[in-house]
Amino acid sequence: MMASSVLRSLLKPNPCTHLRAPLLSHLFSTTTSSTPSPPSAYMGPTAESNKPRVVVLGTGWAGSRLLKDIDTKSYDVVCVSPRNHMVFTPLLASTCVGTLEFRSVAEPIGRIQPSISTEPGSFFFLADCKGVDTEKHEVHCETITEGAQALDPWKFKISYDKLVIACGAQASTFGIQGVEENAIFLREVHHAQEIRRKLLLNLMLSDVPGITEEEKQRLLHCVVVGGGPTGVEFSGELSDFIMKDVSQRYAHVKDYIHVTLIEANEILSSFDDRLRIYATKQLVKSGVRLVRGIVKTVQQDKVILTDGAEVPYGLLVWSTGVGASPFVKSLDLPKSPGGRIGVDEWMRVPSVQDIYAIGDCSGFLESTGKPVLPALAQVAERQGKYLARLLNRIAKEGGARANSAKDIELGDPFVYRHLGSMATIGRYKALVDLRQSKARRERTISCRVRKAFGYWLRDVFHDSTSRLGAILSRNKGNQSSDRLWKLGISLCLAVTVL
């Protein structure tokens, strides 16, 4: 009875368990007692006859790149994450309005690292990490459960030889009341699905007889808070959707739907001044209303600014940056400025053995003399690539086991070189900021353009271009896909040249 309930709790929340279900009873050593208690299990230390185990927490840009490049001949890989795929975040805004389908921006982890589906010692677990025991080299995990009918979560422990924390960050609300209850973030595929559902539902409701003019205007008012790349790109996609699709398919309400972008300072603050001015003009021209203000509180049907102004909304998308997650805050590890896990130049947590941190959850310690890097995809991806090479090198020199890499020469430290920033603003227009750094002033603009495009489209997903071309070819002629043709053909040609 105990084993069957355990198996059901593991199978229900995890869509990938068809790969692992027959092995779970042999994987963990289960403990029972005479008194009722929550289920627990343990994945013990690796034997000398087995490969050392690398445990990776997270499937974002950093974790996925490390999983892709890690040498599975030297390590067994165990990945723990609340999602079983990586999200190609630069194109996530396009899925909200149907320009792209959701499957086009999600890459299964089993495809990025096939060993987790085939190797006997490598696994993927759909779970959250709840704690780390640095002395025992263990991580404490709990399976994902959703819905009122879900069974109690299954708790288990995993021993590690090397631990890579790449759990990312969470959307920052700045403690503003009502944000988490009423706003939708744009960081995951299910966020984009919720935005699309809410947008289409409001379009349907606004056409129902008896709806007042005031209520119709509120339902069809889309408010975006945050003028960074994500907020600007979503506003541009939404304005394209209004001009191209709503005007034809929802002609009765086309004059009521509007987009408002609220930003406390300047939009795209990390971009060059001339690009910001250009983006502002293009957004205004496409019908986006720009409001400079600070949100004080969020209610169910309106946003209240600090100056007392009220902005009614039917759809509220929150995109104001990221901050440290509760899990990262709870770890008893040194922190860098901003609350991230503090690391040295080799991505190690210096106060403990065999723990590394990469991506948005990590930052250089003040003692390194280096600034905390921005929470960007290209930063996380290159940290994952660097750390995979470092771990592979440590394995070749005999330091893959726990507490065995103290005297190994690590080589060159991690150095980040910014390749540029990109943001689409709708109407087949985009911004590319390729200002050269002082350290690489001799590089030409054309080389930087090729590297930036190569990073976005070839280096991370080696087959993403062919899949994008197949999607476009398959759907050519459909209105939702036509607006991608010009961009898609250009990008495919660019990657072909690369």
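Trainee: Is arginine 197 buried, partly exposed or exposed?
Mentor: Arginine 197 counts as partly exposed, because its relative accessibility is 43%. The cut-offs are under 20% relative accessible area for buried, over 50% for exposed, and partly exposed in between, with a 1.4 Å probe and protein chains only. Keep in mind that this is a predicted model: local features need pLDDT of at least 70, side-chain atom pairs count only at pLDDT 80 or more, and totals for chains, interfaces and linings use all residues. Residues are numbered from 1 along each chain as its sequence is written, and side-chain values use heavy atoms, with hydrogens and water left out.

Trainee: OK. What does arginine 197 form a salt bridge with?
Mentor: With glutamate 194, and their closest N and O atoms are 2.9 Å apart. A salt bridge here is a side-chain nitrogen of Lys or Arg within 4 Å of a carboxyl oxygen of Asp or Glu. Glutamate 194 is partly exposed too, at 30% relative accessible area.

Trainee: Where do glutamate 194 and arginine 197 lie?
Mentor: Both are in helix H8, residues 189-205, three residues apart, which is about one turn of the helix. Helices (H or I, at least four residues) and strands (E, at least two) are DSSP runs, numbered from the N terminus.

Trainee: Why would side chains pair up like that?
Mentor: Opposite charges can pair when the charged atoms come close.

Trainee: How many salt bridges does the structure hold?
Mentor: It holds 15. One of them joins glutamate 142 and lysine 155, at 4.0 Å from N to O. That pair links distant parts of the chain, with glutamate 142 in strand S7 (138-143) and lysine 155 in strand S8 (155-159), 13 residues apart. Lysine 155 is partly exposed, at 38%.

Trainee: And which residue does arginine 348 bridge to?
Mentor: To aspartate 344, with 2.9 Å between the closest N and O atoms. Aspartate 344 counts as buried at 9% relative accessibility, while arginine 348 is partly exposed at 30%. There's also a network in which salt bridges with shared partners join Arg65, Asp69 and Glu381.

Trainee: New topic. Which residues touch the most other members in the largest nonpolar core?
Mentor: That core has 113 residues, and those touching the most other members include Ile158, Phe234 and Leu387. H13 gives the most to this core, nine residues. A nonpolar core is a set of buried Ala, Val, Leu, Ile, Met, Phe, Trp, Tyr and Cys residues joined through side-chain atoms within 4.5 Å. Another core lies apart from it, with 17 residues, among them Ile176 and Trp318.

Trainee: What is isoleucine 158 in contact with?
Mentor: Leaving aside neighbours within four places in sequence, its contacts (heavy atoms within 4.5 Å) include Met43, Val78, Phe125 and Cys141.

Trainee: Last one: where does serine 325 lie?
Mentor: In the loop between strand S19 (322-323) and helix H12 (326-330). Serine 325 counts as buried, because its relative accessibility is 12%. Beyond its neighbours within four places in sequence, serine 325 is in contact with Gly168 and Gln170.
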